[in-house]
Amino acid sequence: MKYTVSPYRNYTETMPRHGFLEIENLVKSYPTPDKGEYVALDGVNLTIGEDEYISVIGHSGCGKSTLLKIIGGFQTATSGSVRLDGIEIRKPGADRMMVFQNYSLLPWLTVRENIRLAVDEVLKKANRAERISIVNEHLAMVNLIAAADKYPDEISGGMKQRVGIARALAIRPKMLLMDEPFGALDALTRGKLQRQVLDIWENHRQAVMMITHDVDEAIYMSDRIVLMTNGPSAKIGKILKVPFQRPRDRIAMRNSKEYFELRNQALNFLDENFTVDE
């Protein structure tokens, strides 16, 4: 497979004028006992389309997870606004679901029950048969039918993460938020799960924002890569458009000239923003 590429442009040119998720002049600061306000995020502006897959990369302390938590409604912005489908985000909601690195499964519930709990809580208008059908559909979607009645301590890390993804998708959110979802997995499991997540997303398109430290992962999975400057007062330093068509052939993509150019742009930005204090 041969890939074609359009010229790279910086983030001020690639940001759409109107988006599904709109972040405008976002500032997040915290009071400190002796040094006044600590500004974590300072003037973040970003728009995301309703079926766009975005990855956010930056060094530790650049506010990546803080940004994700504000979008999720788990933290509030100091100033600025975050709107999803035109509605201001002020608290957590079923229209946004989070997938964490540490799985966050209830150990006393089976795989099926962990997913069913979320479905029962959110899809209250669905009858019992409909809820069972939704759970089974999402178990099949992540290839966990055979493990449906096992407990979290009886399955692998990759399977646990698939449960978390199925649970998040089962309530049919408008946006999926993922905080280093593959970070705790070994390389082989990580690559397999990346492909499975992309297969699901390509068949059930929705907005996705993923935090990652892995440039290769971001290129493989994303439509655009958001590169954050260092904190404090972190902001978006650059946005790279990923030009490869979908579905992506990982081997062909990695052997292309465009892949190395894009990867070098991301790594050079991160090197330029590296500080010894990290």
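Helix H9, residues 257-272, has 16 residues and spans 22 Å from its first C-alpha to its last, close to the 22 Å expected at 1.5 Å a residue, the expected span being 1.5 Å times one less than the number of residues. Helices here are DSSP runs of H or I with at least four residues, strands are runs of E with at least two, and both are numbered from the N terminus. This is a predicted model, in which local features need pLDDT of at least 70 and side-chain atom pairs count only at pLDDT 80 or more, while totals for chains, interfaces and linings use all residues. Residues are numbered from 1 along each chain as its sequence is written, and side-chain values use heavy atoms, with hydrogens and water left out.

Which residues of H9 are buried? They are Glu258, Tyr259, Leu262, Ala266, Phe269 and Leu270, where buried means under 20% relative accessible area, exposed over 50% and partly exposed in between, with a 1.4 Å probe and protein chains only. Seen down the axis of H9, these buried residues fall within an arc of 110°, so they line one face of the helix; the arc is taken from the directions from the helix axis to the C-beta atoms. On the other side, Lys257, Asp271 and Glu272 are exposed. The cover over the buried residues includes E3, E9, E10 and the helices H7 (215-221) and H8 (250-254), contact meaning heavy atoms within 4.5 Å.

Turning to the sheet, six strands form an open arrangement in the order E6-E7-E8-E3-E9-E10, with mixed pairing, and two strands pair if DSSP finds at least two bridges between them. Strands E6 (96-99) and E10 (236-241) each have a single partner strand, so one side of each is left without a neighbour in the sheet.

Key:
Axes are lines fitted to C-alpha atoms, for helices over the stretch in contact, and angles run from 0 to 180 degrees between N-to-C directions.
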